[in-house]
Amino acid sequence: MLEINDLHAGIGDREILKGISLSVKAGEIHAVMGPNGSGKSTLAQVLAGNPSYEVTRGTVSYNGQNLLEMAPEVRAQNGIFLAFQYPVEIPGVSNAYFLRSAYNEIRKANGQEEVDPLEFLDLVEEKLKLVDMDETLLSRSVNHGFSGGEKKRNEIFQMAVLSPRLAILDETDSGLDIDALRIVAEGVNKLRSPENATIVVTHYQRLLNYIVPDYVHVLANGRIVKSGGKELALELEEKGYDWLQGAGAGAGAVA
Amino acid sequence: MSSGIEALVNREYAYGFVTDVETDTVPAGLNEDIIRTISAKKNEPEFMLEWRLKAYRRWLTMKEPHWGNVRYPAIDYNSLVYYSAPKSVKPLQSLDEVDPELLRTYEKLGISLNEQKMLSGVAVDAIFDSVSVGTTMRTELSKHGIIFCSFGEAVQNHPELIEKYLGTVVPHSDNFFAALNAAVFSDGSFAYVPKGVKCPMELSTYFRINSKNTGQFERTLIIADEGASVSYLEGCTAPKRDENQLHAAVVELIALDNATVKYSTVQNWYAGDAQGKGGIYNFVTKRGKCAGVNSKISWTQVETGSAITWKYPSVILQGDNSVGEFYSVAVVNRKQQADTGTKMIHIGKNTKSTIVSKGISAGEGNNSYRGLVRVLPKAENARNYTQCDSMLIGNKCGAHTFPYIEVQNNTATLEHEASTSKIGEDQIFYCKQRGVSAEHAVSMIVSGFCREVFKELPMEFAVEAQQLLGITLEGSVG
């Protein structure tokens, strides 16, 4: 589904990603872990097409297409969803209107008919249960005045409604108490299917107690310094990241 | 060194309208003879002519105001043509002759073909919906004793009402543009709602027969008698094709005891091209007087057009317990300039006013809010709430706020809130990441910003206003 090959990217002159290669197949969950500043969020933003970042080298292919040439909205219309680390507030625009616009634009781009507000309401009601939120969420302004936990749950709610093929969760666990964490994780698990893939970007192992990954990759200084199965996450929990940072430098020298 | 207006005059010459002088137009320039001619052509009673002349003589002593935060080349008032009857405007034969840009906008607004023709000045066949709608509406209104007609008709048929109320809110000497309007105004709307009558429908110039080509000096007078209420929609939301560059209109609203007047405008006149050439100068004086106790006047405006907007719909809160409201959205893009706001003059006891102003600046546009809240010595317990928000799109536009507060009674309570925000790249990226195009994202974010004002508009107006906003801001984000 997703093939990242020797990806270099940064902001201005500062290179943040220094050669990432990663392959994600349908049905898989990949966890990308690493210390602060290792480039985890940059990777998520670059995959979503944030124009603040410049890709300087490498390729990304998504279902056989050149992802880097696609505009952010086209990526979304093709099934890429980013759950933001810091969800953005849009005062005065109701969640329902925002999400219905997104839903319909994605349908339109895929040659499907748009749904009217009533049909949409039916559709979202069950998704609300998934993240344990009630209907008042729909009439509130997008993320405006939301608590940190509500914002994150709203991201997962949006993901549930838009049912993406590739979901990227950027530090969705940060700022969540344990109950909210469970709700969010359950939401993600219910959406899991053989056709979809998920990339979970996180600093801590705890989210991975609930969302069990097939693969874990450790990012340090803009490179993947170690990949492994879910047990790697536990090892990191125990040893921290320090023992791998050195490996990162070594790997870089070799590459 | 040909200003837009001179070019305009030349163009009229090119069409040969001057040969029509006897029947349709008067020569360019302004003097007492021209005013007498206008008044005579309109078959006005003596008091109207006297009033026009009084205004003209006063106007001669006045200077064009330049305190507004707007810039434009000097206007040569002697090169303007002050009277031109509607029939001198040559109707186009088909939509093919209309500017395709305009048609594209109509299409986006979902305006029917017949309406498109009417709006762009194409001759329409005899059977046309709005004519019959207009007639039905008049019959219904007259059942309730409501008078709704052109200003000219009102002068002929109800001179006593005109004489009683004309100029009682905006005097002939009020300001430079209002005085000019008083001297030369050609037509406009008139509405009178009698005692105790709640007007059963929204009154709109859109449905008034002969509302086309009322010209650049329009005058509107709306009176709600004791206990009456009326909601009035000005104009139409489609961009008006209009060759007059200077518009100096006057609107007067009067609410007697326990009466309510609600006045909504969606203004989308030609704003000029991308270089800022052409476009309408909209220098308007709008004012309402809450003359009676417990009366209420509410202004709602959405300003998206015109090259320059200079406009301060105001309320004089004379009656005790009267209420004044001003809800405004002003959008500037490209090289548009807007200096707009309101005045709330508290005279009576327990008077209350609310001001909500939303300014949006994009492109190289410049937007200023200018507002005055004045509490006079006898206005015990006056209250005002002002909220004034600006939104910037891009980094070449400007937003300014000039609030004036004058309080002469220490029982008054005034609140003022202001904010300035920038449409964030992050907001746009967030929308795009959800599959929403940049254009839709901008119009969504801006509509959200304006929600408090839009909810004051009548339903169908609100929907169109939202669409218009999207069109106005088109291309403002790369």
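At what angle do helix α4 (residues 117-130) of chain A and helix α6 (residues 148-162) of chain A pack, and how far apart are their axes?

## Helix packing in chain A

The two helices pack at an angle of about 140 degrees, with their axes 9 Å apart, where axes are lines fitted to C-alpha atoms, for helices over the stretch in contact, and angles run from 0 to 180 degrees between N-to-C directions. This is a predicted model, in which local features need pLDDT of at least 70 and side-chain atom pairs count only at pLDDT 80 or more, while totals for chains, interfaces and linings use all residues. Residues are numbered from 1 along each chain as its sequence is written, and chains are lettered from A and ligands numbered from 1 in the order in which they are written. Helices (H or I, at least four residues) and strands (E, at least two) are DSSP runs, numbered from the N terminus.

Because angles under 35 degrees count as roughly parallel, over 145 as roughly antiparallel, 65 to 115 as roughly perpendicular and the rest as oblique, α4(A) and α6(A) are oblique to each other. The crossing of α4(A) past α6(A) is right-handed; a crossing is left-handed if the near helix is turned anticlockwise from the far one by less than a right angle, and right-handed if clockwise. From α4(A), the residues A:V124, A:K127, A:L128 and A:L130 meet A:F157, A:A160 and A:V161 of α6(A). By class, the residues of this contact are 6 nonpolar, no polar and 1 charged, where Ala, Val, Leu, Ile, Met, Phe, Trp, Tyr, Cys and Pro count as nonpolar, Asp, Glu, Lys and Arg as charged, and the others, Gly among them, as polar.

Helix α6(A) also packs with helix α7 (residues 178-191) of chain A, at an angle of about 10 degrees and with the axes 10 Å apart, so α6(A) and α7(A) are roughly parallel to each other. Here A:G149, A:K152, A:R153, A:I156, A:M159 and A:A160 of α6(A) meet A:A180, A:I183, A:V184, A:G187, A:V188 and A:L191 of α7(A), and the residues of this contact divide into 8 nonpolar, 2 polar and 2 charged.

A nonpolar core is a set of buried Ala, Val, Leu, Ile, Met, Phe, Trp, Tyr and Cys residues joined through C-beta atoms within 7 Å. The largest such core has 188 residues, of which A:I168 and B:V230 touch the most other members; its largest share, 7 residues, comes from helix α9 (residues 176-184) of chain B. Not counting residues up to four places away in sequence, A:I168 touches A:A44, A:L47, A:A48, A:F81, A:L82, A:A83, A:I199 and A:V201, contact being defined by C-beta atoms, placed from the backbone, that lie within 7 Å.

A:L169 lies in strand β9 (residues 166-170) of chain A and is buried, with 29 other C-beta atoms within 10 Å; a residue is buried if 20 or more other C-beta atoms lie within 10 Å of its own, exposed if 12 or fewer, and partly exposed in between. Leaving aside neighbours within four places in sequence, A:L169 is in contact with A:A83, A:T198, A:V200 and A:V201. The C-alpha atoms of A:L169 and A:S41 are separated by 9.5 Å, although these residues are 128 residues apart along the chain.

## Chain B and its helix α9

Chain B contains 13 helices and 19 strands, and buried residues make up 49% of its 478 residues. Among contacts in chain B with a separation of 6 or more, 84% join residues 24 or more positions apart.

Helix α9(B) is mostly covered, with 8 of its 9 residues buried, and what covers these buried residues includes α2 (32-41), α3 (46-60), β4 (219-224), β7 (250-255) and β9 (281-290) of chain B. The axes of α3(B) and α9(B) come within 7 Å and cross at roughly 145 degrees, in a left-handed crossing. In this contact B:W51, B:R52, B:A55, B:Y56, B:R58 and B:W59 of α3(B) meet B:F176, B:A179, B:L180, B:A182 and B:A183 of α9(B), a set that divides into 9 nonpolar, no polar and 2 charged residues.

## The contact between the chains

In total, 20 residues of chain A are in contact with 17 residues of chain B. On the side of chain A that touches chain B, α2 (72-77), β7 (90-94) and α3 (95-109) of chain A each supply at least two residues, and the largest share, 5 residues, comes from α3(A). By class, this side has 12 nonpolar, 6 polar and 2 charged residues.

How values were computed: Contact = placed C-beta atoms within 7 Å.
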